[in-house]
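Me: I have a structure to go through with you. Please answer from the coordinates and keep it brief.

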Amino acid sequence: MRSWSAPKVPKLPGSGLPLRLYDTATREVRETEPSGKARMYVCGITPYDATHLGHANTYLAFDLVNRAWRDAGHDVHYTQNTTDVDDPLLERAQAIGVDWRELADREIELFRTDMEALRILPPRDYVAVTEVIDDIAEVIVRLMERGATYRIGDDVYFSVAAAPKFGAISGYDEETMRRLFAERGGDPGRAGKRNPLDWLLWRGERPGEPSWESPFGRGRPGWHVECTAIALRHLGPGFDVSGGGSDLIFPHHEMGACEGHVATGEWPFARAYVHAGMVAYEGEKMSKSRGNLVFVSELRREADPMAIRLALLARHYRSDWEWTPDRLTEAEARLARWRAAVARPAGPDGAALLARVRERIADDLDAPGALALIDAWAAADGDDASAPGLVRDMVDALLGVAL
Ligand code: 5CA
Ligand code: ZN
């Protein structure tokens, strides 16, 4: 599927530091050590509503990873999916009386426009689930061959009993797993299951629902195996970063990691599991199902997208926080200060600032720390005539903000 257009990224003098990121699975900040190519898979949107600030915050976090790796000299292979066939999408399409494909196409297009406006670097592969049903079916066949599946009627389930690493990503206890599984699209109470946490790989055809042919009958894929199959096809096992918001730790990334492990025999499926915090609004996590949303496309009508970007960067990517309009006001003021500072004929030492900002970013994407350093640079006087140009390039290349 078509991705979106890439902004130009200025090349900075010297090289960025090796990037350290917090890995949910090992619960520590670790150096990412891409061997040559740096491979990243980030879970994409379910396109039934417009991009909200929570989505934007998550994609921005991984944009910083992308930019830091490039700055450190890596060729980045970035893959993202879009979940363009799923229960909430089908339900919304039916409720508003539009064809589900039309709804998905419309929302994906809006997402692309939002990502472009926020200067998020596009993935190399932007993959719709409906484009790769055969690849997904192939992974399910491999799981079947390894004895990891069973059927309930026309549906195919993955058996937790076949997954020796189950629990390794989230570290959650059984009770938490069951609760989150029920809340996030799972079916712990379904009759006929061997274990409440077994999950759906293939949903047999239902009247009125889209379906595709497969070696195990007509139907459509379950959620987790979609991302597993797309990551395997484009990146292969042992890729560097599997990313998304923290609401994907369980069940999505836990179950996907097990599918990858059992299908390929290789562990870990991803070398680091990286999760962005949740953005709330009016006291609760911003979510399409709750409807407490601030849409990027609406905010863009009244605000400079670079101010929106800066407002998000002001919070560390792993923290949970609440959106309030004054965050945008603060970001607008900061943007104006920075723009004035890089328009000066000279400023404080630019190379020294670049080195310190690189340190902050390499330290688990400490964007707030980087912002504070740039604030201090902008507020001080100096006689380095090359600094304003260098700082403009740095803010563009590492933070994605065009001044
Ligand atoms: N299509 C699946 C992933 S395969 C999905 O979760 N789609 S989504 O549209 O619900 O979310 C897209 C991305 O935004 C996911 O990475 C999710 O973790 C993240 N996200 C959703 N809500 C928020 C929020 N309130 N704050 C931060 N990130 C969020
Ligand atoms: Zn996913």
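Me: Which domains does the domain assignment of the protein give?
Reply: This is a predicted model. The domain assignment divides the protein into two stretches, which are domain 1 (21–285) and domain 2 (324–399).

Me: How many residues of domain 1 are in contact with domain 2?
Reply: The C-alpha centres of the two domains are 35 Å apart. Contact here means heavy atoms within 4.5 Å. On the side of domain 2 there are 9 residues in contact, and on the side of domain 1 there are 10.

Me: What area do domain 1 and domain 2 bury between them, and which residues of domain 1 lose the most?
Reply: The buried area between domain 1 and domain 2 is about 910 Å², with 58% of it on carbon and sulfur atoms. On the side of domain 1, three residues together account for 52% of what that side buries. The residues that lose the most area to domain 2 are Leu-64, Arg-67 and Asp-71.

Me: Which residue forms a salt bridge with Asp-71?
Reply: Between domain 1 and domain 2 the count is 2 salt bridges, and there are 5 residue pairs in polar contact, both residues at pLDDT 80 or more. For Asp-71, the closest N and O atoms of its salt bridge are 2.8 Å apart. Its partner is Arg-358.

Me: Which element gives the most residues to the side of domain 1 that touches domain 2?
Reply: Strand 1 (20–23) and helix 1 (53–71) each supply at least two residues of that side. The residues there divide into 7 nonpolar, no polar and 3 charged. The element that gives the most, with 6 residues, is helix 1.

Me: Which residue has a polar side-chain atom 2.5 Å from an oxygen atom of ligand 1?
Reply: Ligand 1 is surrounded by 24 residues, and the closest are Thr-58, Thr-83, Asp-247, Met-286 and Lys-288. A nitrogen atom of the ligand is 2.8 Å from an N or O atom in the side chain of Thr-58. A polar backbone atom of Gly-245 lies 2.9 Å from an oxygen atom of ligand 1. The residue at 2.5 Å, through its side chain, is Asp-247.

Me: What is the phi of Glu-282?
Reply: Glu-282 sits in the loop between strand 12 (279–281) and strand 13 (284–285). Although Glu-282 is not a glycine, its phi is positive, at about 55°.

How values were computed. Residues numbered from 1 in each chain as written. Chains lettered and ligands numbered in written order. Predicted model: local features only at pLDDT ≥ 70, side-chain atom pairs only at ≥ 80, totals over all residues. Heavy atoms only, no water. Domains from an automatic or database assignment. Buried area = accessible area lost by both parts, 1.4 Å probe. Salt bridge = Lys/Arg side-chain N within 4 Å of Asp/Glu carboxyl O. Polar contact = N/O pair within 3.5 Å; in protein donor to acceptor, adjacent residues only side chain to side chain. Helix = DSSP H or I, 4+ residues; strand = E, 2+ residues; numbered from the N terminus. Nonpolar A, V, L, I, M, F, W, Y, C, P; charged D, E, K, R; others polar. Near = heavy atom within 4 Å.
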